[in-house]
Each structure stands twice: as C-alpha cells, then as structure tokens.
Amino acid sequence: MADRPMIEIANVSKFYGIYKALDDVSLTIGEGEFFSLLGPSGCGKTTLLRSIAGFETPTAGEIFIDGVPSLALPPNRRPTNMVFQNYAIFPHLDVAENVAYGLKRLRLSAQDERKRVGDALDQVRLSGLGQRKAHELSGGQRQRVALARALVMRPKVLLLDEPLSALDKKLREEMQVELRTLQKAVGITFILVTHDQYEALALSDRIAVMFGGRIAQIASPKEIYQRPRTRKVADFLGGMNFLKAKVLGEQGNAVSVDAARFGAVNLDKPQGFAATNGHVTVGIRPERLRLLWDDDRAPHELAGRIENRAYFGEVTHLTVGVDGLEQPLSLVETNSFGADDLPVGAEIRLAYDPEAFVLLAEDPPVTRV
Amino acid sequence: MSLLTQRLRVLPFLPAYVALYFLFLYLPILLLPVFSFNDAATTTFPLAGFTTKWYASLAGNSVMLQAAWNSLVVGVAVSLLSTVLGICAARAITRYRFRGQRAAAGLIMAPLFLPEIIVAVSLLMIVLAMGVELSLITVILGQTVFCVPYAMSVLVSGFEGFDRSLEEASYDLGETAIGTFRRVTLPVVAPAIVSSLLVTFTISLDEFILAFFLSGTEPTLPVYIWGQLRFAAKLPGVLALGSVMLVASILMLTLAEILRRRAERRTQMAFTLP
C-alpha cells in the first residue's frame, strides 16, 4: 500500500429502509493504489463505489477523498471520475466529443482542449477514431472511450464499476492487461468493482472481499488467495478442500490441529479465530495437492481412489476419495503427465505440503435487516 | 426449396389475395388526386382533361382558409399539449416502478380502443352541462384525450432505453443538473419528442368526430369538408383539398417515423453492445 492515503472510508453505513446495503465499512486506499472491491452481487461493493462517486449518500459515516470530507459534495464537485458498467457513452456525440464532454466546463483554449483529448485517445489507443459515432464502436472500443473520457479530467481517483463484465472472455483478458498498464502509466488510484475473482487477483495491489454489506478481508491478492481468513472468503476466491480438524494445542499465535488423515498440522491463528467444541475448519487449495506417479515419493503422502474426473483442456479436475475423510478431495492436475487419462476408480497416491493448510475463522452471520 | 416457396405452392392464391387487398385499400385514396386534376365537376371516367383550377379555387376560398387556420391552431395546441402530457406519462412508465403502473398505462392507452363517437357524445354532454361554450378550446381538449396515447407510445419507445447512467456520467464529468438536461437528456430524447409532435399534429389534422361534436361555429378542415359534401359542385375542390392534406399527412408521418427510429437507435445503443 502506498504511503499517503487517498480515500478514507470511515464507518460508512447505507440503509435502504431497514435493509443494510453497507454495514459499518471502514477502509483506507492509498495514493496510486489499484484497489478492488470483490464480492457476489448484492454484497454492497457497487453501493460503496457509488458512494465514493457521490451517486449514493451513506446513512452514516464519512468519506474522505484526499483528506477532504466529501459526503456533502455532489458528484460533479468530487475529484473522482467513473467508468460505468455499460460505459454510458453519449450516443449523440462522436468519440472526440464524448472525451471532451467534461473539459467543456473548464473553458480551455480550443488548442489545449484538442491536445488533451488527443492525448487521452492516444493513452487508450484510440488515436484516429475521434470522429466515430458511438454506435460504430465495438465493445472494447467503447470501454476505451469511457476510460479516456474519465482520465482526460485528470481525476485523483478513477472508479471502475465492473468495466469488463460486458466483454467476451478473450477481450476481457486483453483489457485486464491494458487496465493494469494504464494504471501504472497514469499513476493515480484505481478502484475496481468486480465479482470476478481472477480479475481482482490479476489486477489489484490489494483486494477487499465483501459479503452482506461488510468487509470480510482486505489483503494483497496472494495473501487473500493463500491465507483467506474465513471459509466464505476462501470459497469465493477459488476451489478449496475444507476439513474438520481437532485442536491439539495452542501456543501464542500458532495452533496445532489434527487434520484427520493428514495428521498433525501447525497453523497460524487467523484474526477472530475461535474453536467450537475443540474443532476448527482447515482448508487446502486443490492445486496444493499433487498426484504421485509410479515410483515418486513425497514426505507427506495419502492413498485414495479417483471418483470423478473433469477435463478442462490445460488441466483436469479430479475428485479423490480417501478412506477416513468425510468429503472426497478435489485436486487440479496439469495435463502434461496424463492426468486426463486416469480412469475413474484408479487407485492413486497424492502428495501434500502441511504448510499449505490454512486455518479458517467462522464467518460472522449475515444480518442485513 | 425454402419454406416460403413451399407455402406458396400449397397456397397459390396468396399473392393474388395480397394484391387484391392492397388494391382495395389504396385505390380509392389514389383516385382522390387523380380526380382533383380532372377538368370536370363529376367523378366519373373517362377523365375530361387536366386542370389545376380546383387547386387555384382553394386559394381564394376564405371560408376554407379560415377552417385550415382553425385546424392549424388546434393541431399545434393538441400536439404540444398531448406531447407534454405524453412526456410525463412516458417518463413515469419507463423510469419508475410504482403500484398500479400497468393499470395506469392501460387507462392512458384506453381511448384508442373506445368508440370515438361515444367519447365525443359524453364529452359534449359534460361540456354543455358545465355551461362551457363550444369553441376551438373544447376541440383541443377533446382531441388531446385522444392524442395522449399516441404521444405516449411514440415517446415510450424513445425513452425506454434511456439509460440513467448517461445522466450520471454527465454529473460525474462535472456538469450541473441543468447542464446535463441541456447537453444530454434533451438531445438524446429530442427525436422522439419531435416525432410525437408530428404524429399528434397529423392525427388532430384528420380528426373529424370530436371536432364535429365540439367545434361549435368554428369548423376545422375535416368538419368544413363534411359540410361541402352536400354540394355536388364543390366536390372537386374538396378532392383537391383532400389531396393536399393526404400529401401533408404522409410527409409528416414519414418524418415522424424516421425520427422515432433514430431516437430508438440512440437510446438503445447506449445499452446493447455489438
């Protein structure tokens, strides 16, 4: 996280009647940071973004933008600009007029205005398309116009509301790379709302995962994927094998648990950790389990049998039953070694690293009314 | 063999039926301009010769010109009034969700399906009972009731796709509420509004029953034409007048449809991606 805070959200709540869209949310986003709000639909991420932009007025709390308390400011007086989910390109204007829309109020000289529009179009690689009408543009081009129209205002913070969700997969991946490059180039704070965990992981410096109007965890992509704090966070970010484990002992910040067939495992205590009846939930990601072929040996092994197999091109997802485990394990294998040819019912051995286990705290109950 | 040609083979009389149908529909209307240039007082074949004297006689007919002026006044007033009311209704229907919305939309559209003469009689009864003198104003009010549904359906198709985020984007880019209305809202929906004005003006221009019941001593053009039909000698003049109105109506409705489609394309484009 960058040193200087750009956005400070202090105890923000938003009620619609008795429904809590946002429930006491606090977070700080640094200058020049690429920050993502990630969560399922209805988790409050868009409400939070629109509160920063000024389109929603929180019921309680304050939002500081670059140190300025901003709740009393209307959207047109905030140093933020937004890229809307459907891009909201003005249909009666051409590309250059769209980009120049906000500049008109700054009363620049015609020359300065043209230069800034031209620079913004260069930045999003739309040079030469200034005269195109909005309906002549492809989805990816509209996205770029929306970006240029916002960036030309030189905002302190760029807000992006699911900007890639309307694009097809290939274009979306291209635009992800471009968004990241663009953010590095302009150096301002980007706040991205998305429900796509891969997008958040690939783009962000930090991610806030939200459920039920609250923030469940804020961390770097790697930390949030590898060290999710709760079961729901772990689940939302990707596949996870959950196991019930018995607490053997605690020492300071470490817990020793008996993870059924995996044996004794030492784990870091997450924030808000509490065992119920001496039991906790631990998890291990499917890609941290590895198939052992022929004479391969590993320090930690487990025997099992393939119950199901799903082919995904570059990888195969296997479901492996292990005696003594309530649930079968899922694991992901690259297809380089022939995992896609293993028959259902085959007896296999798998290797695991006890370090890869995470201890998961209970999720707080969701109460929205 | 395509499905269409298959069907045509099974039902060989279909093209003939369609041709006959259009003939029946449009031949009488086409006869109107033909006889309006015919140098005879009767509408019979063979044609007697080409003349423009019926058109020339229109220009000197002060009663007819007064009726045309009345129609213009009524048409402009009705189109403005019903379009303003239509804008309110269309905005409510497309932008908000409220209890009784479908019922309200249905009731606004209902005059389209009620027998016009019944509405005209009941309006006349109320106007007389209230002691209001029949005038162009009563015609304007009556026709507005009938034109609001047309205005609303044209405007709804223009507003339907109007995306709220366009206005939000404008605020976000620093524009004020008034500036946003002037620079975004109005230009985007303008074609639909103009289209509504043209459609309702055209309907008012052609409307007879309400105008006949509610106009008192100031006839509109259709009422004037009705009066002229009692005199056989006036018929060619009426045909000439009818031809002028026909051309004017077609032109205005064509323009209205072009604008309506443009409005639809504009607003829907903001939503759909290619």
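In helix 4 (residues 139-151) of chain A, G139(A), G140(A), Q143(A) and L151(A) meet L171(A), M175(A) and V186(A) of helix 5 of chain A. Two residues count as in contact if their C-beta atoms, placed from the backbone, lie within 7 Å. Helices are DSSP runs (H or I, at least four residues), as are strands (E, at least two), and they are numbered from the N terminus. This contact of helix 4 of chain A with helix 5 of chain A divides into four nonpolar, three polar and no charged residues. Here Ala, Val, Leu, Ile, Met, Phe, Trp, Tyr, Cys and Pro count as nonpolar, Asp, Glu, Lys and Arg as charged, and the others, Gly among them, as polar.

The model is predicted: local features need pLDDT of at least 70, side-chain atom pairs count only at pLDDT 80 or more, and totals for chains, interfaces and linings use all residues. Residues are numbered from 1 along each chain as its sequence is written, while chains are lettered from A and ligands numbered from 1 in the order in which they are written.

**Helix packing**

Two packed helices are described by the angle between their axes and the distance between the axes. Axes are lines fitted to C-alpha atoms, for helices over the stretch in contact, and angles run from 0 to 180 degrees between N-to-C directions.

| Helix pair | Axis angle | Axis distance |
|---|---|---|
| Helix 4 and helix 5 of chain A | roughly 15° | within 11 Å |
| Helix 4 and helix 9 of chain B | about 135° | 8 Å |

Helix 4 of chain A and helix 5 of chain A are therefore roughly parallel to each other. The angle of about 135° between helix 4 and helix 9 of chain B makes helix 4 of chain B oblique to helix 9 of chain B. Angles under 35 degrees count as roughly parallel, over 145 as roughly antiparallel, 65 to 115 as roughly perpendicular and the rest as oblique.

Helix 4 of chain A passes helix 5 of chain A in a right-handed crossing, and helix 4 of chain B passes helix 9 of chain B in a right-handed crossing. A crossing is left-handed if the near helix is turned anticlockwise from the far one by less than a right angle, and right-handed if clockwise. Residues of helix 4 of chain B in the contact include S71(B), V74(B), G75(B) and G86(B), and those of helix 9 of chain B include I193(B), L197(B) and F201(B). The contact of helix 4 of chain B with helix 9 of chain B has eight nonpolar, nine polar and no charged residues.

**Chain A**

Chain A is divided into domain 1 (5-231) and domain 2 (237-360), with bounds from an automatic or database domain assignment. The centres of the two domains, taken over C-alpha atoms, are separated by 38 Å. Eight residues from domain 1 of chain A and eight residues from domain 2 of chain A make the contact. On the domain 1 side, three of these residues are nonpolar, two polar and three charged.

An unreviewed UniProt entry annotates residues 7-237 of chain A as "domain: ABC transporter". UniProt positions are given in the numbering used here, feature names are shortened, and annotations may be inferred rather than shown by experiment. Residues 7-237 of chain A are 35% helix and 27% strand, with end C-alpha atoms 25 Å apart.

Chain B has twelve helices and zero strands, and its C-alpha trace spans about 70 × 70 × 35 Å along its principal axes. An unreviewed UniProt entry gives "transmembrane region" for parts of chain B, including residues 72-93 and 105-128. Residues 72-93 of chain B are 100% helix, and their end C-alpha atoms are 30 Å apart. Residues 105-128 of chain B are 75% helix, with end C-alpha atoms 29 Å apart.

Between the chains, 22 residues of chain B are in contact with 24 residues of chain A. Helix 8 (164-172), helix 9 (177-206) and helix 12 (235-269) of chain B each give two or more residues to this side. Helix 8 of chain B supplies the largest share, six residues. The chain B side divides into twelve nonpolar, four polar and six charged residues.
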